[in-house]
Amino acid sequence: MPSDLVSLFLEAVTVEAQSLRERPMADFVRRYLDSLPVEVREDDSARNFNGECGNLICVPQGFDPARPAIALLAHMDTPRPTANVRPVLSDTRIESDRTTALGVDNRAGTSVLLRALRKHLTSGGKGNFIVVFTVGEELGLFGSAHVQLAPYNVKACFVFDCSKRPGTYIQAAVGCSLYTATFIGKPSHAAVAPEKGISAIQMAADAIGRIPHGRIKAGMTTNIGSITGGTATNVVAERCTIVGEVREFDPRPIAAHLTLLKTTFESVASRFGGTVEFTSREDFPPFRLDPESAVVRMTHEVLRSVGLNPHGIDYLGGSDANMLNAKGIPSVNLGIGAQNPHGDDEFILLEDLYKTEEIADQIISRSASLR
């Protein structure tokens, strides 16, 4: 017979709630916490990014905003559908039948926090904390970018969303900037008068061949994620747009690389007799935690208390911790063992799911003595 936590996870993964369509998961959270001494508040963040649901902030009865508090977070959205998932439970792990994603990112974190919160509420435990379920994380950390934690006097955040196994935590993460370059040429009939045209697709192809791709150096990557352009096979393409990203732990190399891209693209467009429109924006900022900070010390204490050896890593992915650290709230993203995220081969080991629950329990209990 599956444990309460496993049963909750198996139910949660079947909830269809992709990014910006998290209402079914929000309803699931409310049902699970119904009749318990906790107020589930939904913020108005959705209006900022056209979502159907805001962040859920779960405030236990007796919470005191005058005292320092801790927030535990997980996101409610998945990047891929899970409505038709068929979870497979073995003696050691939970996975899908390999025809769909399991939704372990981040149904694992959500289930653990729901279960830990319920245990705290039904046992009369002490603590000064809130649990936050964010939205739009997979598309751009939208929920955490707009969540307001100042009214709750939150001094530290623990995000349950790292695919590494429990014991590992993210001590530093890259920032990411997105760019869009639209090459503009001149349309003409591709058979009758191709010489009169200037192909935006040809410009873009030439430009792409002149810039670096992939891992530029340790800790820095760049990628072109999409190319669109043209209208018909018999028309010299007037416009072609490429969209890409640049990631690094330091914003300065990102800015320098964006300048390189813009200059290169403009040079290529000019040589063809066309133009290019180039725009960029920060998607999420980087962070690096002070190893002597209170949040890192607490992370080590908690992990050791459940029998784990703390291991901080530098990570090339983003999470809600990026946005929370940018708000000035020291935040750690904890390994929960949600392995192979976003693929049909996603899985989580049962021992990791249970160990993550122990970690959440310890953080909640320690929130009572936060100063």
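Let's start with strand 3 (residues 69-75), which is mostly covered: 7 of its 7 residues are buried. Buried here means under 20% relative accessible area, exposed means over 50%, and partly exposed lies in between (1.4 Å probe, protein chains only). Helices (H or I, at least four residues) and strands (E, at least two) are DSSP runs, numbered from the N terminus. Please keep in mind that this is a predicted model: local features need pLDDT of at least 70, side-chain atom pairs count only at pLDDT 80 or more, and totals for chains, interfaces and linings use all residues. Residues are numbered from 1 along each chain as its sequence is written, and side-chain values use heavy atoms, leaving out hydrogens and water.

Which way do the side chains of strand 3 point? Ala 69, Ala 71, Leu 73 and His 75 point one way, Ile 70, Leu 72 and Ala 74 point the other way, and all are buried. Strand 3 pairs in the parallel sense with strand 7 (residues 154-162) over 5 bridges, and Ala 69 stands opposite Val 154 there. Strand 3 also pairs in the parallel sense with strand 6 (residues 129-134), over 6 bridges, where Ile 130 is the bridge partner of Ala 71. Two strands count as paired if DSSP finds at least two bridges between them.

Elsewhere, 3 strands form an open sheet in the order 4-5-17, with antiparallel pairing. Strand 4 (88-89) and strand 17 (347-349) stand at the edges, each with a single partner strand, so one side of each has no neighbour in the sheet. Helix 1 (residues 4-12) packs on this sheet and touches strand 4, strand 5 and strand 17, its direction making about 10° with that of strand 5. Strand 5 (residues 93-95) is joined to strand 17 by 3 bridges, and Glu 95 stands opposite Phe 347 in strand 17.

Helix 10 lies across strand 4, strand 5 and strand 17, running at about 70° to strand 17. Axes are lines fitted to C-alpha atoms, for helices over the stretch in contact, and angles run from 0 to 180 degrees between N-to-C directions. Gln 362 lies in helix 10 (residues 350-366) and is partly exposed, with a relative accessible area of 25%. Leaving aside neighbours within four places in sequence, Gln 362 is in contact (heavy atoms within 4.5 Å) with Val 302, Ser 305 and Val 306.

**Charged pairs**

A salt bridge is a side-chain nitrogen of Lys or Arg within 4 Å of a carboxyl oxygen of Asp or Glu. By this rule the count comes to 23 salt bridges, including those in the table.

| Salt bridge | Closest N to O |
|---|---|
| Arg 210 and Asp 206 | 2.5 Å |
| Glu 266 and Lys 262 | 2.6 Å |

The pair of Glu 248 in strand 12 (residues 239-248) and Lys 217 in strand 10 (residues 214-217) links distant parts of the chain, 31 residues apart. Is Glu 248 buried or exposed? At 7% relative accessibility, Glu 248 counts as buried, whereas Lys 217 is partly exposed at 42%. Glu 266 and Lys 262 are separated by about one helical turn because they are 4 residues apart in helix 7 (residues 251-272). Salt bridges that share partners also join Asp 4, Arg 115, Lys 119, Glu 357 and Asp 361 into one network.
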